[in-house]
Amino acid sequence: MTAASSSNDEDLMRHALELAGRAERDFDEIPVGALVVDAEGAVVGEGWNRNITDNDPSAHAEIMAMRQAGRALGNHRLVGCTLYVTLEPCAMCAMAMVHARIARVVYAAADPKTGAAGSVFDLLADPRHNHRVEVAGGVLAEEAGRRLTNYFRRKRGKPAI
């Protein structure tokens with residue numbers, strides 16, 4: 001895992017954070033947002049958590065963004081694309097990225113319970129896969145982490161921090 005902090009990564013992560021805000025504000029979902037950018041830098045897919053809304057355990061932000069990107073590109077392979085997400089991907093999302101041939105994932109907050117991009121598991125760099133995804137973590141991590149913490153605090157009737 002590498003630390004990334006380019007201004008372009010930060011700008012695109014702010015876009016992902018806006019999508020996370022939409023998940024929370026409009027759908028009362030866990031505030032995770034994601035977007036897929038093609039090799040030329042164009043946003044080709046956006047998503048946010050929709051598990052509860054769609055009654056779909058696979059409707060994580062990353063999956064929703066990759067589905068939209070696949071439709072936009074007319075291909076199940078997202079070669080050369082970068083996925084930005086506000087929370088470190090879980091095992092399901094990490095393996096979907098491997099299968100989609102995502103080139104790079106940039107995430108904000110690490111997930112010390114189910115993170116699969118280096119925190120708990122390191123599925124994206126596992127040499128047994130026929131494709132590896134470059135990982136950059138920690139981009140706007142504090143903001144993303146605070147948003148997640150406050151969402152769960154609100155659910156438990158506690159004040160925001």
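**Close-up views of a predicted model**

Leaving aside neighbours within four places in sequence, Leu148 is in contact (heavy atoms within 4.5 Å) with Ile30, Pro31, Val32 and Leu87. The model is a predicted one, in which local features need pLDDT of at least 70 and side-chain atom pairs count only at pLDDT 80 or more, while totals for chains, interfaces and linings use all residues. Residues are numbered from 1 along each chain as its sequence is written, and side-chain values use heavy atoms, with hydrogens and water left out.

**View A. Leu148 in helix H5.** Leu148 has its place in helix H5, where helices (H or I, at least four residues) and strands (E, at least two) are DSSP runs numbered from the N terminus. With a relative accessibility of 9%, Leu148 counts as buried; on this scale buried means under 20% relative accessible area, exposed means over 50%, and partly exposed lies in between (1.4 Å probe, protein chains only). His129 is 19 residues from Leu148 along the chain, and the C-alpha atoms of these two residues are separated by 31 Å.

View B. The largest pocket has a volume of about 530 Å³. On a 1 Å grid over the protein atoms alone, a pocket is an open set of points where a 1.4 Å probe fits, with protein on both sides within 12 Å along at least five of seven lines, and lining residues have an atom within 4 Å of a point. Grid points are joined across faces, edges and corners, and the volume is the space filled by probe spheres set on the points. The lining comprises 22 residues, of which Leu87, Asp111, Thr114, Leu148 and Phe152 are the closest to the centre of the pocket. Helix H5 (residues 141-155) gives the most to this lining, with four residues.

View C. Two aromatic pairs are counted in the model, a pair being rings of Phe, Tyr and Trp (its six-membered ring) whose centres lie within 6.5 Å, with planes under 30 degrees apart counted as stacked, over 60 as edge-to-face and the rest as tilted. Phe27 and Trp48 form a stacked pair, at 6.0 Å centre to centre and with 20° between the planes. Phe27 lies in helix H1 (residues 7-27) and Trp48 in strand S3 (residues 43-48), so the pair ties together parts that are 21 residues apart in sequence. Trp48 is buried at 11% relative accessibility, whereas Phe27 is partly exposed, with a relative accessible area of 26%. Arg50 lies over the face of Phe27, at 5.0 Å from the ring centre; for a charge to sit over a ring, NZ of Lys or CZ of Arg must be within 6 Å of the ring centre and within 35 degrees of the ring normal.

**View D. The aromatic pair of Tyr151 and Phe152.** The ring centres of Tyr151 and Phe152 are 5.1 Å apart and the planes stand at 85°, so this pair is edge-to-face. Tyr151 is buried at 3% relative accessibility, while Phe152 is partly exposed, with a relative accessible area of 29%.

**View E. Ala61 and its surroundings.** Ala61 is found in helix H3 (residues 61-73) and is buried, with a relative accessible area of 0%. When neighbours within four places in sequence are left aside, Ala61 is in contact with Val32, Gly33, Ala34, Gly47, Trp48 and Asn49. Asn49 is twelve residues from Ala61 in sequence, and the C-alpha atoms of the two are 4.4 Å apart in space.

**View F. Leu17 on helix H1.** Leu17 has its place in helix H1 and is buried, with a relative accessible area of 2%. Not counting residues up to four places away in sequence, Leu17 touches Thr86, Leu140, Glu143, Ala144 and Arg147.

**View G. Two loop residues with positive phi.** Most residues other than glycine have a negative phi. Asp28, in the loop between H1 and strand S2 (33-37), has a phi near 50°, a positive value in a residue other than glycine, and Asp28 is partly exposed at 31% relative accessibility. Asn55, in the loop between helix H2 (51-54) and H3, likewise has a positive phi near 50°, and Asn55 is exposed, with a relative accessible area of 71%.
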